[in-house]
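Please report on the local geometry of this chain.

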Amino acid sequence: MPTPILRMRPAPYEDARYAVFGVPYDGTTSFKPGTRFGPRAIREVSFNFESYEPSTGIDFSEIPVTDLGDLAVSRLPEEVARQVADVAGDIIRDGKMPVMLGGEHTATIGAVRAVGPEVYVVCDAHLDLRDELDGTAYSHGCVTRRVLDMVEDVVIIGARSGDREQFEVAAEKTRLYSADTVRELGIGAVLREVREHVGERRIYLSIDADAIDCCLTPGLGTPEPFGMAPLEIREVVRTLAPHAAGFDYVEVAPFDSGQTAAVAAQVVREFVARHWLAG
């Protein structure tokens, strides 16, 4: 029997609607290591929460979820992306939703490759639009650039860090809502624009933990102040989950008092609840 996760009903793989897996990798981390422990921390804190979700009326014990555990990852980032693509691809071919826990953001490249979305939406403090960092094109700082090789339509929410070239690429090739823009317009207005832009197209939704202000969730490998609030991230997930074909929450580095992993666990629960409710 799979490991229970997030107070959901553990189901045999063949009966599950959602397949959770962790990618404990931080091999290209450029500041503080530790995101390899993120999947474990998210799982552990999830047992603190009640199974009932009052805003939807859903009890997570009713949702069939399987936890595939953590991948035994390679040391090479391009190989990690390949491993993730293989696992996520198998999950999709079996008619299930892949839900990935990170680990550094590099893993998202593989998940997007497997899902093949029409739109990629990411909440992230960083643009991640470098073509190469520290000798590899598969660095955590290159994720959105690699996604642009596969998906033409990219939406970035919450960014506030990147060099001049990355901001020029973002202006030309992405739809960017900076953290300042979110504050100025309000998350509701931003999401109305994004929702109208997405329409009925299939999306891949990726949440980098550092999209949130590091003063609120400090368990981050590359912290940035003046970011989004956890409630704003929750609104992103509530709005876009029904249109998602794949989801991840990455870059949790659990060397704080547990608040970063706790937010991650609750947001993952929100994603599953809203996606399940949408049928």
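The report below takes these topics in turn.

The model is predicted. Strand 2 covers residues 18–23. It is mostly covered, with 6 of its 6 residues buried. Tyr-18, Val-20 and Gly-22 point one way from the strand. Ala-19, Phe-21 and Val-23 point the other way. Residues of both sets are buried. In a regular strand, side chains alternate between the two faces of the sheet.

Strand 2 pairs with strand 5, residues 64–70. The two run parallel and are joined by 4 bridges. Gly-22 has Asp-70 of strand 5 as its bridge partner. Strand 2 also pairs with strand 6, residues 97–102. That pairing is parallel too, over 6 bridges. Here Ala-19 stands opposite Pro-98.

## Helix 1 against helix 9

Helix 1 spans residues 38–46, and helix 9 spans residues 259–277. They pack at an angle of about 75°, with axes 8 Å apart. Angles of 65 to 115 degrees count as roughly perpendicular, so helix 1 and helix 9 are roughly perpendicular to each other.

Helix 1 contributes Ala-41, Ile-42, Val-45 and Ser-46 to the contact. Helix 9 contributes Ala-261, Ala-262, Ala-264 and Ala-265. Of the residues in this contact, 7 are nonpolar, 1 is polar and none is charged.

## Cysteines

How many disulfides does the model contain? The count comes to 0. A disulfide is a covalent bond between the sulfur atoms of two cysteines. The cut-off used here is 2.5 Å between the sulfur atoms. For the sulfur of Cys-214, the closest cysteine sulfur is in Cys-215, 4.5 Å away. That is too far for a bond.

Cys-214 has a relative accessible area of 17%. Buried means under 20%, so Cys-214 is buried. Cys-142 is also buried, with a relative accessible area of 0%.

Tyr-177 lies in strand 9, residues 175–178. Is it buried or exposed, at 5% relative accessibility? Tyr-177 counts as buried.

Leaving out residues up to four places away in sequence, Tyr-177 touches Val-155, Ile-156, Ile-157, Gly-158 and Ala-159, among others. Its contacts also include Val-182, Val-190, Glu-193 and Val-194. Leu-191 is 14 residues from Tyr-177 along the chain. The C-alpha atoms of Tyr-177 and Leu-191 are separated by 10.0 Å.

## Backbone exceptions

Most residues other than glycine have a negative phi, and most peptide bonds are trans.

Gly-103 sits in the loop between strand 6 and helix 3, the latter at 107–115.

Asp-128 is in the loop between strand 7 (119–123) and helix 4 (143–148). At 5% relative accessibility, Asp-128 counts as buried. Phe-226 is in the loop between strand 10 (203–208) and helix 8 (230–240). Its relative accessibility is 62%. Exposed means over 50%, so Phe-226 counts as exposed.

Conventions
Residues are numbered from 1 along each chain as its sequence is written. This is a predicted model: local features need pLDDT of at least 70, side-chain atom pairs count only at pLDDT 80 or more; totals for chains, interfaces and linings use all residues. Side-chain values use heavy atoms; hydrogens and water are left out. Buried means under 20% relative accessible area, exposed over 50%, partly exposed in between (1.4 Å probe, protein chains only). Two strands pair if DSSP finds at least two bridges between them. Axes are lines fitted to C-alpha atoms, for helices over the stretch in contact, and angles run from 0 to 180 degrees between N-to-C directions. Angles under 35 degrees count as roughly parallel, over 145 as roughly antiparallel, 65 to 115 as roughly perpendicular and the rest as oblique. Contact means heavy atoms within 4.5 Å. Ala, Val, Leu, Ile, Met, Phe, Trp, Tyr, Cys and Pro count as nonpolar, Asp, Glu, Lys and Arg as charged, and the others, Gly among them, as polar.
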